[in-house]
Amino acid sequence: MTGHLPPGAPLWFWVAFNAFVVALLAVDLGVFQRRPHAMKKREAMLRVAAMVALALLFNAWVFYAWGRQRGLEFLAGYLIEYSLSVDNVFVFIVVLNYFHVNKAHQHRVLFWGILSALVMRGAFIVIGAALLRRFEWVGYLMGAFLVFTGIRLITTDEYHVHPERNPVVRFFRRFVPMTADYHGARFVVREAGRTLATPLLLVLLVVEVTDVLFAVDSIPAIFAVTRDPFIVYTSNVFAILGLRALYFLLAGVMDELKYLKLGLAFVLVFVGLKMSTEKLVHISIGLSLGIIVAILGLATLASLIEERLAKARQP
C-alpha cells in the first residue's frame with residue numbers, strides 16, 4: 001500500500017512493532033549479554049551502526065508504504081530524538097560514575113532502564129497526541145516550552161548533576177532497606193531472611209527518573225515535526241534502542257563534543273518556534289530536516305576542529 005497514512009496506524013501495527021522490539025531486547029539480553037561484560041569501543045561502534053541501519057530500513061519501509069511526507073517525518077523525528085539522546089548519555093555517564101557502577105554491570109542497568117523508558121514514553125506519547133487533538137493551544141505551550149529549554153541549555157555551560165541532592169535518592173536511602181555494597185548484577189538479595197535492595201537498584205531508579213525528565217523535552221520536539229502517534233512512537237523507540245551502545249561509544253569521548261550541546265539547544269529552539277508559529281509560517285518537513293541536519297553537522301564539525309586545534313597547541 002502506498003500513499004497517504006490514515007489518521008492513527010491500525011492496532012495490529014502497534015502490536016507487531018512492539019512484538020518486534022520485545023524480541024530484539026530478548027535476543028540482546030539472552031545472547032549478547034548472557035555474560036555481563038564491559039562493552040568495548042569497537043563493539044559499541046558496531047552496535048550503533050546496526051541500530052542506525054535497522055532504523056533506516058524501517059524508515060525505507062515507511063517511505064514505501066506511506067509516502068515521502070511520513071518518511072521524512074520519521075527521519076526527522078528519529079534524528080531529533082537520537083541527537084537529544086546524547087544529552088541523556090552525558091548525564092548517565094555522570095550518574096554511573098558517581099555511584100561507581102562496575103563497567104561490566106552498566107549495560108544491565110541501562111537495559112532495564114531503557115525497557116522501562118519504552119513503556120513510560122509510550123504513555124507520554126498517547127497522552128500528548130490526545131491533548132494535541134483536543135486542545136490546539138497545547139501545541140503552542142509545547143513550542144514555548146521547547147524554546148525555553150533550548151535557551152536554558154545555551155546559557156548553561158556544564159552538566160550540573162548532583163545525585164546526592166536528588167529527592168528520589170534521599171527517599172530511597174531513607175525508607176528502602178538496602179545493602180551497603182553491590183552484589184554483582186543483582187538488584188535485590190536475601191540476607192538474614194530479609195529482602196534487601198542493592199545500590200544497583202537505586203542506580204536503576206535514578207536512570208529511569210532521569211529519562212522521564214528528558215522525555216519531557218524530546219517527545220514534544222518530535223510532535224513539532226509530526227502529529228502521528230505511530231511515527232512519534234517508532235522514531236522514539238529506535239532512538240532509545242541505540243542508546244546503550246551510544247553510551248559506551250561516547251563514554252570516552254564526551255569531552256571532545258564541546259559544541260554539540262549548543263547544537264542541541266538550537267535544535268530545540270528551532271522546533272519550538274516551528275511548533276509555535278506553524279499557523280503563521282509553514283516550514284516543510286524537508287526544509288525542517290535540512291535545518292536540523294545543518295545545525296547538528298556544524299556543531300559536530302566545530303567540536304572536532306576545536307579538539308584538533310587543542311591537541312595541536314599542546315607541547
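Is R70 buried or exposed? With a relative accessibility of 15%, R70 counts as buried, where buried denotes under 20% relative accessible area, exposed over 50%, and partly exposed the range in between (1.4 Å probe, protein chains only).

The views below show a predicted model, in which local features need pLDDT of at least 70, side-chain atom pairs count only at pLDDT 80 or more, and totals for chains, interfaces and linings use all residues. Residues are numbered from 1 along each chain as its sequence is written, and side-chain values use heavy atoms, with hydrogens and water left out.

**View A. Salt bridge between R70 and E73 within helix 3.** The structure holds 2 salt bridges, a salt bridge being a side-chain nitrogen of Lys or Arg within 4 Å of a carboxyl oxygen of Asp or Glu. In this view the side chains of R70 and E73 pair with an N to O distance of 3.2 Å. Both residues belong to helix 3 (residues 68–98) and are 3 residues apart, about one turn of the helix. Helices are DSSP runs (H or I, at least four residues), numbered from the N terminus. E73 counts as buried because its relative accessibility is 5%.

**View B. Salt bridge between E81 and R121.** The closest N and O atoms of E81 and R121 are 2.9 Å apart. E81 lies in helix 3 and R121 in helix 4, so this pair ties together parts that are 40 residues apart in sequence. Side chains of opposite charge can pair when their charged atoms come close.

View C. Leaving aside residues up to four places away in sequence, R121 touches E81, N88, D211, F214, A215, S218, I219, N236 and I240; contact means heavy atoms within 4.5 Å.

**View D. Nonpolar patch on the surface.** The patch is formed by I127, L131, F135, W137, Y140 and L141, which together have about 580 Å² of accessible area. Patches consist of residues with over 30% relative accessible area and no salt bridge; like charges are joined within 9 Å and nonpolar side chains (Val, Leu, Ile, Met, Phe, Trp, Tyr) within 5 Å. Areas come from the Shrake-Rupley method with a 1.4 Å probe, and for residues only the protein chains shown count as cover. Helix 4 (103–134) and helix 5 (137–155) each supply at least two residues of the patch, and helix 5 gives the most, with 3 residues.

**View E. L141 in helix 5.** L141, one of the residues of the nonpolar patch, is exposed, with a relative accessible area of 53%.
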